[in-house]
Amino acid sequence: MDNDKISITSRFEVHHSWWAMRGIGSPEGEWPLEEKLERIAKASYQGILGRLPAESEASLWRRKLDDLGFRFGIEAFINERKDIEDYLSRAADFGVDYINAQVGSAFVTGGDAIELLNGLVERAAAYRIPLFVETHRGRVTQDLLRTIDYVRQIVGLKLTIDFSHYVLAGEIFRNVEIVDPYFAPLLERTASIHGRISNGQQIQADITELQEHPMTEHFGRWWRAGMKEWMQRAKPGDFLPFVCELGPPDYAVVLPDPASSVRPVELSDRWSSALALKRFAEELWADVEAEHG
């Protein structure tokens, strides 16, 4: 399927994280690659966020992605300026649709962080590959207030909104609305959203019963605001990937299983929970579309 055609006819897309498919399967074992891809397609996801395939697997992945009509984004881990060119060059060669970047470490601050982020934005623009910096713990985006400063200084900085990291780091679960003014300038730069809900004590809460989870209302409010901000500035051909990213253990909460030393027993069904997140995101987007005509 032609990705240019996809981008014109489908502005909002729900993708599935390939990392989040790790360990998912049946009681008989983890699903193989082919079955994972088929199930993602059957569930009407429109793309995958993964890693650049190894050279030995590149042709297989390219063929599968094209056959299924999937858009494909990659995770990039940028620690130095030289990493930027390497990722962008290989992404262009493979035909990547977008890059989700986790940048530096929490100990890269001030001018060094600004320089690294500026270099990333400038080189991505030269390659014409959409690149989004994720609001992630342990990176230059570790601190919420620091990240607000980045968006004020770097005009072209686009973000992958993953507020589970800030909710956890700030123990945000009481008087939640107090954080809204701090999230607002980041939501103005929404270019992608990672679907995960934190309860302020764990990075990934059990959302088997999504609508009953006390943090669902708050994450829904933030995601909806990001969608609105994106819609107001979107240009023809732009797309907004909402990535269901319920990670495997140790993100997922597990139960002790004395009978198994290999595969931990997870508290929730990640595949079913991801489908619930997908429906929730689609409902939020439908509301935004209705509001804006």
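**Model.** I am working from a predicted model here.

Eight strands close into a barrel, and I wrote the order down as 1-4-5-6-7-8-9-10, with parallel pairing. From one strand to the next, the twist averages 30°.

**Strand 6, neighbours.** Which strands does strand 6 pair with? On one side I found strand 5 (residues 71-78), parallel to strand 6 over six bridges. Strand 7 (residues 131-134) also runs parallel to strand 6, and three bridges join the two. I then picked asparagine 100 to see what stands across from it. In strand 7 its bridge partner is phenylalanine 132, and glutamate 75 stands opposite asparagine 100 as well.

Going in, strand 5, helix 4 (residues 81-94) and strand 6 make a right-handed β-α-β unit. Going out, strand 6, helix 5 (residues 110-127) and strand 7 make a right-handed β-α-β unit.

**Strand 6, cover.** Is strand 6 (residues 98-103) mostly covered or mostly open? I got six of its six residues as buried. In a regular strand, side chains alternate between the two faces of the sheet, so I checked each face on its own. Tyr98, Asn100 and Gln102 are on one side, Ile99, Ala101 and Val103 are on the other, and all are buried.

Glycine 195 stands opposite cysteine 244 in strand 10.

**Leucine 145.** Next I went to helix 6 (residues 144-153), where leucine 145 sits. Why does leucine 145 count as exposed? Its relative accessible area is 52%, and the cut-off for exposed is over 50%. I also noted phenylalanine 183, which is 38 residues from leucine 145 along the chain, with 9.5 Å between their C-alpha atoms.

Leucine 267 is in the loop between strand 12 (265-266) and helix 10 (270-292). Leucine 267 comes out as partly exposed because its relative accessibility is 42%, and that class lies between 20% and 50%. Which residues form a nonpolar patch on the surface with Leu267? I listed Val253, Leu255 and Val265, and the patch has about 290 Å² of accessible area together.

Conventions
Residues are numbered from 1 along each chain as its sequence is written. This is a predicted model: local features need pLDDT of at least 70, side-chain atom pairs count only at pLDDT 80 or more; totals for chains, interfaces and linings use all residues. Side-chain values use heavy atoms; hydrogens and water are left out. Patches are made of residues with over 30% relative accessible area and no salt bridge: like charges are joined within 9 Å, nonpolar side chains (Val, Leu, Ile, Met, Phe, Trp, Tyr) within 5 Å. Accessible areas come from the Shrake-Rupley method with a 1.4 Å probe; for residues, only the protein chains shown count as cover. A salt bridge is a side-chain nitrogen of Lys or Arg within 4 Å of a carboxyl oxygen of Asp or Glu. Helices (H or I, at least four residues) and strands (E, at least two) are DSSP runs, numbered from the N terminus. Buried means under 20% relative accessible area, exposed over 50%, partly exposed in between (1.4 Å probe, protein chains only). Two strands pair if DSSP finds at least two bridges between them. A crossover is right-handed if, with the strands pointing away from the viewer, the path from the first strand over the helix to the second runs clockwise. Axes are lines fitted to C-alpha atoms, for helices over the stretch in contact, and angles run from 0 to 180 degrees between N-to-C directions.
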